[in-house]
Amino acid sequence: MHRYRYREQELYCENVPVATLAEEYGTPLWVYSRKTLEDNYKAISEAFSAVDCTICFSVKSCSSLGVLGVFREMNSGFDIVSGGELHRVIKAGGDTSRVVYAGVGKTDDEIRYAISHNIMMFNVESEDELANISRIAEEMDAIAPVSLRLNPDVDPKTHRKTTTGKKENKFGIDLAIAAQIVNNIRDYPGVRLIGADVHLGSPINSPAPYAEALEKIVPFILEHRSEAAPFTHMNCGGGFGLFYKDEAVPTFKEYADTIVPYIQKLGCKLVLEPGRSMAGNSAILLADVQYTKTNGEKTFVIIDAGMNDLIRPAMYESYHFLWPIITDNTPNWNGVGETPADESKLIPTDVVGPICESSDVFTHDRPLPPMQRGDTVAIFSAGAYGSTMSSNYNSHPRAAEVLVSGEEWAIIRQRETWDDLIRLETGI
Ligand code: LLP
């Protein structure tokens, strides 16, 4: 569930009309709903409560300090993939003993930084990396807790660019090689092997791939568990689905019903790394209509947000629901509208951004209400991999971000200025 609703033909985030925010801060503007983040965290915690489960919010999906602060208040852990993300968690007041660190290319500096902050564990992606972590930990007179990221060669049936658990992907370790690493674990005295982890891809709109992976991983752990490799933690990664268009997204309970029995069989702790399912429906991107035009049959609506703000449609052909924030024709999408849209009044429309790329397109011939210069639109389900993937392409300053809570709101990221664009540069 999310906290966006049309009331009297006007879109609200919780109890705030989003038009008020667009007026106060300008557009493009990211608007987050605190309650939605909290509801999602509570729902996943509840669903997996039959086992000892640490939810590590995946920072890469939505990394603003304000959003991380909401998760810190919920006592969430964090899943990170860089020293920069660890820095964010620390600045947001997060508990580093609840941080798991994944990624295939951790540098020495990043490893040192994470060891010095006593993170929960490294998710190790190769024997080379394991050797390096062990070496650095020994130098620091520390023992680094590690988990082996396994590659079970399972197809999560998602976009090819977000598939991670198949043999041809760069992620994780083949089970046969992982077995050798476990057998040789005493060669690496700087680490303590406490877990196994897997992340298959994102989004995975079925619990079945998790079962398929665990069918391979559970026997592996039971066979290789020892005093030197106690496997006290099983980390099933992220990947839980999000409603974008019309997909049948399983509930957290449905994922839990599949995953929990395997964890009970292992008698170990569970770690999860959800990102999209926590942050995705918490945010919208507001944009103003700059111009409209027709080219033959086609109607174009040009807005002030582009692929530099939200790259998902251009990069993955992703669908994001889009609608004017003030309308007498409220939509029938995921509960936001009060009445189903009157389709006779809709026009096939290409909503596009200002970027000089033909892929800078948010909708292709999608039936939408007529729009004109000065209208504001909301792009929904934009909280995950939205602002975190934004860039300054075409030298557009990054948008501001606002966190709404009930009737109140706070700015959590200022809009960048033109001077910010060149702040670190030196001319000749
Ligand atoms: N854990 C690991 C190791 C990951 O690689 C990811 C996502 C997650 C957890 C979180 O997955 P989630 O719960 O958010 O599905 N930019 C793409 C998604 C890339 C996902 C990268 N890894 C998109 O916009 O769809």
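Two strands are taken to pair if DSSP finds at least two bridges between them. Strands (E, at least two residues) and helices (H or I, at least four) are DSSP runs, numbered from the N terminus. The structure is a predicted model, in which local features need pLDDT of at least 70 and side-chain atom pairs count only at pLDDT 80 or more, while totals for chains, interfaces and linings use all residues. Residues are numbered from 1 along each chain as its sequence is written, and side-chain values use heavy atoms, with hydrogens and water left out.

Strand 2 (residues 10-13) pairs with strand 3 in the antiparallel sense over 2 bridges. Y12 has P17 of strand 3 as its bridge partner. These strands belong to an open sheet of 3 strands with the order 1-2-3 and antiparallel pairing. Its edge strands, strand 1 (4-7) and strand 3 (16-17), each pair on one side only.

**Helix packing**

Two packed helices are described by the angle between their axes and the distance between the axes. Axes are lines fitted to C-alpha atoms, for helices over the stretch in contact, and angles run from 0 to 180 degrees between N-to-C directions.

| Helix pair | Angle | Axis distance |
|---|---|---|
| Helix 4 (residues 83-91) and helix 5 (residues 108-116) | about 30° | 9 Å |
| Helix 2 (residues 34-47) and helix 9 (residues 252-266) | roughly 30° | within 9 Å |

Helix 4 is therefore roughly parallel to helix 5, a class that covers angles under 35 degrees. Their crossing is left-handed, meaning that the near helix is turned anticlockwise from the far one by less than a right angle; clockwise gives a right-handed crossing. G83, L86, H87 and I90 of helix 4 make the contact with E110, Y113 and A114 of helix 5 (heavy atoms within 4.5 Å). The residues of this contact divide into 4 nonpolar, 2 polar and 1 charged. Here Ala, Val, Leu, Ile, Met, Phe, Trp, Tyr, Cys and Pro count as nonpolar, Asp, Glu, Lys and Arg as charged, and the others, Gly among them, as polar.

Helix 2 and helix 9 are likewise roughly parallel to each other, but helix 2 passes helix 9 in a right-handed crossing. In this contact N40, A43, I44 and A47 of helix 2 meet F252, K253 and A256 of helix 9. By class, the residues are 5 nonpolar, 1 polar and 1 charged.

**Aromatic pairs**

Rings of Phe, Tyr and Trp (its six-membered ring) pair if their centres lie within 6.5 Å; planes under 30 degrees apart count as stacked, over 60 as edge-to-face and the rest as tilted. By this rule there are 15 aromatic pairs. One of them, F321 with F380, is tilted, at 5.5 Å centre to centre and 55° between the planes. This pair links distant parts of the chain, 59 residues apart. F321 lies in the loop between helix 11 (312-316) and strand 16 (322-324), and F380 in the loop between strand 19 (376-379) and strand 20 (400-405).

Notes: Angles under 35 degrees count as roughly parallel, over 145 as roughly antiparallel, 65 to 115 as roughly perpendicular and the rest as oblique.
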